[in-house]
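Subject: Structure for you to look at

Hello,

Here is the structure we talked about. Please open it first, then read the notes below.

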Amino acid sequence: MPDLRLRARGRRTTLPPGSRLPAIVQTALLVRDPIGRLERCERRYGPVFRVRMVGAPRRAYVTDPVLAREILTSDEAGALVGEARRDVVEQLVGEHSLVTVDGDEWLRRRGLVAPAFKRQNVEQLQSDIAALARAHIDRWPIGEAFALRTAVRAITMEVIVELVVGSADASRLDRLRNLLPKVMDAYASPVLWLFPGAMRVRGVLRSTPGPLRRFLRLRDELDALLYEEIEARRAASDEDRRDVLSRLMASRDDQGPAMSDIELRDEVVGLLVAGHETTATALAWAFERLSRSPDVLARLRAELDEGSDDRYLEAVVKETLRARAVGLDAPRLLSRPLTVGAYVLPAGWYVTPVLPLVQRAADGRDEFRPDRFLQPGAATRAWMPFGAGKRHCVGSHLALLEMKVVIREILRALDLESVDAAPEGIKLHHVTLVPSEPARVRATRREQVSRSSP
Ligand code: HEM
C-alpha cells in the first residue's frame, strides 16, 4: 500500500496507473455504469488511478477516505474548483455563479450567499417546509405507481425558489417552477455536457434539431424570465425583502461594485440548480433504501409515531447520503503539481475523490445500517456527501433539514411500497447519481395519522 499522505512539491510527475482504453471508450463505460466502472478500476489499480474522459483534462480518482479529505481541504488542490466545475455546468449556471467562480470573487459571493443557508436561519423554515410538503403529499395518487423523485422534486424546488427568489409576480413564479425542471432535464443529455465545446458554436447548432437546440431554447426562456424579475425588482425597490436575490441586488460599496444582471442571473440559476435536484434525489434514495430495508423502516416509523427525538431520523438521512451519495465527485483542478500518495500529479490535471466509494471504503459494506451514525467511527469520518474544505456545499444544512422534514411528513401520511422489489440501479443524470427507476412507488393512506407539526 503506498504512503497515502499528500504533499505539494515541485517533483517530477509520477502518474498513477489506469486504463489504456481510448478516452471515448472510457467515457462510454463510465456513463453506462459509473459506480461499477470505478469499482473495477479501484480493484485493479488501487485507491488512486487515472481516467481519460472525452473533451476534459486528464484526471485522477481517489477512493481512500484520508486522502480524499486531504485533497478536498488542500489549498493547492482547491485553487481552481470553480474552473474545474465550469467544464460540466457552465452552460447551465454561467461563469458568475458561486459554483463556478474562484479566488476573491468566490470569497465575496460566498459571504453574500452563505448567511441565508446557515443552520440557525434554515431551521426557522422547518414548519413552512412541513406545511408545503403536506400540501404536496395530499395530492399524490393513491394506489397508482408514480415516480417519487419527480414528486419530491416539486417540493424541494418550491423551497429553494422561495428562499432565493421569494415572492414575485404569481405567473412569473409559476413559469419559473415549470421551466426549471425542463431546462435541467434537457441539460442532462450526455451529448451536451460531455461535449461542452459544441455549445460554443451556437449559431450552427441552434438551427439543428436535437437536444442542444431544445436546451438553448429553454435556457433562453429561463434567462428572459429572470431578467424580467430583476428589472421589476429594480423598478420597485423594497428594502425589507429577505430573499437571496434581493440581498445580492442590495450588496455594493464596501463589498464591491453592484452585481450586473448577468451576475445576478448566474447566481440565482446556480443556487436553484444546485439546491433542489440534489435534495430531491437524496429523498428518492431514502425511500428506495427504506422500502428494501423493512427493519430500518419499522424502527423509524415506530420512533416517529412515538414522537422520539430526531436522532434515528437523522441517522437514516446520513446513512442514505453515505450508501447512495448523490454527487459522484468533487473535482479540483490542480494549479501546481501535487503529490497524492505515491504519485505526483501535474498542474492542469483534475483530482477528485469518488464520493460513493470513499464513503463505502470505511467498512467495505453496502448494507443500509443507520446505526453506524449513532456512534462516531470510521463511517462517520469518511462521510463527505457535501464535499469538504472551503468549497463544501453551502446548502448542506438546508438539505439535511428538508430531508428530515419531508421523510417525517411522508411517513406520517402514507405507506409507500416500491413497484419493483429489486434494488434500483445507480444512473448518472448529468452530475447526480439517481435511482434508475426514479424510485417508483405505490402509496396507501395511513389511518389515524397524527398531523401535529414538529
Ligand atoms: C442532498 C443534497 C445535496 C448534496 C448531496 C450536495 C452536494 C454538494 C457537493 C458534493 C458539493 C461540492 C463540494 C466540494 O466541492 O467540496 C456542493 C456544492 C454546492 N452546493 Fe450542494 N448539495 C446538496 C444540496 C444543496 C442545496 C440545498 C443547496 C442550496 C443552495 C446547494 C448549493 C451548493 C452550492 C452553491 C455549492 C458550491 C459551493 C461553493 O463552491 O462555494 N447544495 N454540494
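Helix H16 covers residues 261–290; at 1.5 Å a residue, its 30 residues should span 44 Å, and its end C-alpha atoms are 44 Å apart, which agrees. The expected span is 1.5 Å times one less than the number of residues. Helices are DSSP runs of H or I with at least four residues, numbered from the N terminus.

This is a predicted model, in which local features need pLDDT of at least 70 and side-chain atom pairs count only at pLDDT 80 or more, while totals for chains, interfaces and linings use all residues. Residues are numbered from 1 along each chain as its sequence is written, and side-chain values use heavy atoms, with hydrogens and water left out.

Of the 30 residues of H16, 26 are buried, so the helix is largely enclosed by the rest of the structure. Buried means under 20% relative accessible area (1.4 Å probe, protein chains only).

H16 also supplies six residues of the shell around the ligand, the largest share. Helix H6 (103–113) and H21 each supply at least two.

Which protein atom is the single donor to the iron atom of the ligand? The donor is SG of Cys-393, 2.3 Å away (donors are N, O and S atoms within 2.8 Å of the metal, or 3.2 Å for Na, K and Ca). Cys-393 sits in the loop between helix H20 (378–381) and helix H21 (396–413).

Regards

Key:
Buried means under 20% relative accessible area, exposed over 50%, partly exposed in between (1.4 Å probe, protein chains only).
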